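Have a look at the model before reading on.

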Amino acid sequence: MKQHKQKQLLCFLLQWLLLSIPFCCKARFVVEKNSLSVTSPDSIKGTHDSAIGNFGIPQYGGSMAGTVVYPKENQKSCKEFSDFSISFKSQPGALPTFLLVDRGDCFFALKVWNAQKAGASAVLVADNVDEPLITMDTPEEDVSSAKYIENITIPSALVTKGFGEKLKKAISGGDMVNLNLDWREAVPHPDDRVEYELWTNSNDECGVKCDMLMEFVKDFKGAAQILEKGGYTQFRPHYITWYCPHAFTLSRQCKSQCINKGRYCAPDPEQDFSSGYDGKDVVVENLRQLCVYKVANETGKPWVWWDYVTDFQIRCPMKEKKYNKECADSVIKSLGIDSRKLDKCIGDPDADSDNPVLKEEQDAQVGKGSRGDVTILPTLVVNNRQYRGKLEKSAVLKALCSGFEETTEPAICLSTDMETNECLDNNGGCWQDKSANLTACKDTFRGKVCECPRVDGVQFKGDGYNHCEPSGPGRCTINNGGCWHEERDGHAFSACVDKDSVKCQCPPGFKGDGVKKCEDINECKEKKACQCPECSCKNTWGSYECSCSGDLLYMRDHDTCISKTGSQVRSAWAAVWLIMLSLGLAAGGAYLVYKYRLRQYMDSEIRAIMAQYMPLDSQPEVANHVNDERA
């Protein structure tokens with residue numbers, strides 16, 4: 001029995017060694033950071049880097065301000081603070097408490113868990129050695145750690161030893177240390193589409209992390225498919241594999257854990273080579289899930305991957321001995337996936353050659369750009385930046401939403417569960433036209449932006465804070481272009497001019513600035529119209545009425561009165577003369593046409609008669625053949 005345990009331990013160590021070899025020489029680890037800004041005291045004021053912990057819930061896309069506290073007891077936070085009667089719960093109206101603790105003696109996650117239970121809103125862990133920042137990860141799974149890891153909800157970060165000493169010195173000197181944790185730039189947000197990938201595993205017997213991963217996939221499936229179908233995101237799954245060194249490809253360990261002659265390997269699910277499933281079973285299922293994504297993506301439905309993975313987890317668990325091809329085929333058939341294309345993609349696991357799909361996965365594990373190598377399972381990458389924190393639906397959705405360019409976020413990112421609408425409080429301090437129900441405040445996942453709106457095709461221009469006004473064609477249709485307007489007695493008047501060169505101008509009959517006021521001009525009182533001796537003037541709103549005494553008719557253009565009878569006679573004679581002139585012109589034209597046509601006809605007839613008796617100069621002389629015949 002003792003020898004068997006020693007053999008199992010030896011095999012486990014060999015497995016660890018084999019899986020570590022590919023990374024020992026070329027690994028490039030990138031620590032994901034967030035910005036930490038000290039706002040007081042002035043002696044340490046400034047911005048510093050901090051490494052985001054790979055547990056808890058970082059506030060991606062947001063920020064948090066608080067006061068730093070360094071405990072006098074339990075400074076490593078390895079014990080519960082209740083044992084020391086210490087609480088860090090903030091009083092009403094006070095800033096949240098950021099607890100500063102020292103590294104060492106226990107797991108990072110346990111330090112944060114004890115601080116959270118004591119009321120801290122965030123935790124800063126000061127490194128105990130001078131070294132570059134590292135990622136604080138969760139411990140290897142065991143029963144005790146599993147109880148608290150999934151319940152950590154506050155963010156945490158590791159700071160350098162030097163910066164930690166500065167914080168401690170300021171606090172011990174009696175200074176109030178205030179700082180701001182900022183995750184708004186933790187995820188790049190270049191455009192209106194977020195690209196993300198999940199490095200996962202089909203193994204469901206790897207402990208707490210596997211359980212958390214499966215739970216996340218099931219919970220996040222709905223949101224992921226909504227985002228993918230709407231074109232807001234582009235998702236791609238990945239699976240980590242390792243290769244077996246050539247010298248060990250014929251060993252029992254490599255044969256049980258690898259396919260394609262040691263090229264693609266995975267750890268034994270139960271850490272026991274003599275029973276249960278082998279690592280190669282996991283590699284084959286990982287390959288199948290990759291091919292499900294590839295085949296579904298070719299048909300324009302990449303989100304089917306989420307359906308297959310969740311169904312396979314439920315219907316084909318290792319515990320029930322259903323983790324096999326037969327069960328997988330039944331899931332594939334129920335989802336309508338083309339099995340022939342799938343089999344072609346999977347290929348022959350026993351072939352002594354590269355598998356194109358898995359080879360691409362191994363190449364992708366090596367970090368490019370700002371991402372770094374993928375070595376932790378599971379790993380979420382958002383816009384080529386590794387996510388750090390608890391793999392939980394709302395936390396991951398916040399990270400995805402922070403990857404959208406401002407004002408391009410889908411509706412799911414702007415729900416009350418995801419963020420606070422800052423435009424509801426005093427309109428966010430932006431320009432607003434309450435009468436027209438228009439505002440420059442736009443709610444985004446990172447907060448509000450003041451940007452002049454576009455309404456019914458009309459763009460408003462201005463700074464967005466104090467001033468916005470419609471511009472361009474159609475501006476007068478939006479709240480009358482911000483100009484004066486009034487309606488009275490069924491007549492509407494507006495000072496808006498639909499030209500960029502002139503904004504507001506009082507219409508004829510009015511005077512004023514055109515924006516706030518246009519007053520009616522009294523043309524009668526100001527003697528601007530109806531000034532003839534026989535005229536009688538009456539002012540109306542926006543115009544005037546002028547009438548003539550007796551049997552006279554007012555002519556507005558000449559501001560004079562004329563006789564209605566004389567006007568009618570002159571009009572009649574004018575009509576008669578117009579008719580006579582029209583008839584004369586018609587007769588003259590007809591005569592000219594007749595004369596021209598008749599002369600042309602006579603000329604042609606005369607020429608025809610003369611051509612019969614004497615040839616014209618233009619006609620050739622007709623030859624006389626009579627004498628020729630007599631000769």
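Which residue in β20 does F460 stand opposite? That would be P470. Keep in mind that this is a predicted model.

- On one side, β19 (residues 458-462) runs antiparallel to β18, and 2 bridges join them.
- Within that pairing, R454 has Q459 in β19 as its bridge partner.
- β19 and β20 also run antiparallel, this time joined by 4 bridges.
- β19 and β20 make a hairpin with 5 residues between them, and G464 in the turn shows a positive phi of about 85 degrees.

**The four-stranded sheet**

- Another open sheet has 4 strands in the order β9-β8-β12-β13, and here the pairing is mixed.
- β9 (233-239) and β13 (385-386) sit at the edges with a single partner strand each, so one side of each is left without a neighbour in the sheet.
- β8 (residues 194-200) pairs with β12 (residues 379-382) in the antiparallel sense, over 4 bridges.
- In that pairing, Y196 stands opposite V382 in β12.

**Helices on that sheet**

- Helix α8 (residues 304-315) packs on the sheet and touches both β8 and β9; the direction of α8 makes about 40 degrees with that of β9.
- Helix α11 (residues 356-365) lies across β8 and β9 as well, running at about 100 degrees to β9.

**The nonpolar cores**

- Y196 turns up again in the largest nonpolar core: of the 59 residues there, Y196 and F220 touch the most other members.
- Helix α7 (residues 279-298) supplies the largest share of this core, 9 residues.
- Leaving aside residues up to four places away in sequence, what does F220 touch? The list is Y196, W306, K393, V396, L397 and L400.
- There's also a second, separate core of 22 residues, with F55, F81, V112 and L158 among them.

Definitions and conventions: Residues numbered from 1 in each chain as written. Predicted model: local features only at pLDDT ≥ 70, side-chain atom pairs only at ≥ 80, totals over all residues. Heavy atoms only, no water. Core = buried A, V, L, I, M, F, W, Y, C linked by side-chain atoms within 4.5 Å. Buried < 20%, exposed > 50% of the residue type's maximum accessible area, 1.4 Å probe, protein only. Contact = heavy atoms within 4.5 Å. Pairing = 2+ DSSP bridges. Axes fitted to C-alpha atoms, helices over the stretch in contact; angles between N-to-C directions.
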